[in-house]
Amino acid sequence: MSGKAIDPLPLVMFALVLVGLIVAFGASVMLPSQGVAATAGAGDNGKTITVNEGSSIKITLDENPTTGYSWNETVTSGLAIVDSSYVSSSSGLMGAGGVHEWTIKATGKGQQQFSAVYKRPWEPATGTETAFSLNIVVN
């Protein structure tokens, strides 16, 4: 061995580039390929929106699962639920409600519908539950 010191800079640069590529690839896999074409919330209950086939719709409704209540959603065959998640309140208060967010993809043309009922799953339906529906025309 000649006792020459190895310059660590090329190795460090290679590691940084590799980490950057891994992070960029991971983000591209997790993000939807298309942006959200429409958004809807409680104020859009019963309304009709029009989107193109392949586009995404984001629906956000208030929810407080600490009370036992949650949304029970359904979609027609030309829609697909890509993501469904509860986002807690940023208030930090115990028991504070948050929102439920759905990302819906329009997969089939024609008249479609997203509907949801807000109830405790163990209680029988009475017909007086809070309900939400969004009619979606897919071109």
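Predicted model: local features only at pLDDT ≥ 70, side-chain atom pairs only at ≥ 80, totals over all residues.
I began with the strand order and found an open sheet of four strands, running β2-β8-β7-β4, in which the pairing is mixed. I then looked at the edges, where β2 (48-51) and β4 (70-75) each have a single partner strand, so that one side of each is left without a neighbour in the sheet. From one strand to the next, the twist averages 25 degrees. For the pairing of β2 with β8 (residues 130-138), I noted the parallel sense and four bridges; within this pair, T50 stands opposite V137 in β8.

I next turned to the loop between β7 (110-119) and β8, where T128 lies. Is T128 buried or exposed? Its relative accessibility is 69%, and because the cut-off for exposed is over 50%, T128 counts as exposed. The side chain of T128 makes a polar contact with the side chain of T126, at 2.7 Å. I also looked up T128 against V117: the two are 11 residues apart in sequence, and their C-alpha atoms are 9.9 Å apart in space.

In the loop between β2 and β3 (56-63) I looked at S55, which is buried, with a relative accessible area of 8%. A polar atom of the S55 side chain lies 2.5 Å from the backbone oxygen of N52.

How many salt bridges does a search of the whole structure find? The search finds three, and I went through them in turn.

- D44 and K47 meet through their side chains at 3.8 Å, N to O; D44 is partly exposed at 23% relative accessible area, and K47 is also partly exposed, at 43%.
- K58 and E101 form a salt bridge at 3.7 Å, N to O. Since K58 lies in strand β3 and E101 in strand β6 (residues 98-106), this pair ties together parts that are 43 residues apart in sequence. I recorded K58 as partly exposed, with a relative accessible area of 29%, and E101 as partly exposed, with 21%.
- R120 and E123 meet in a salt bridge between their side chains at 3.4 Å, N to O; R120 counts as partly exposed at 24% relative accessibility, and E123 counts as partly exposed at 32%.

Technical notes
Residues numbered from 1 in each chain as written. Heavy atoms only, no water. Pairing = 2+ DSSP bridges. Helix = DSSP H or I, 4+ residues; strand = E, 2+ residues; numbered from the N terminus. Axes fitted to C-alpha atoms, helices over the stretch in contact; angles between N-to-C directions. Buried < 20%, exposed > 50% of the residue type's maximum accessible area, 1.4 Å probe, protein only. Polar contact = N/O pair within 3.5 Å; in protein donor to acceptor, adjacent residues only side chain to side chain. Salt bridge = Lys/Arg side-chain N within 4 Å of Asp/Glu carboxyl O.
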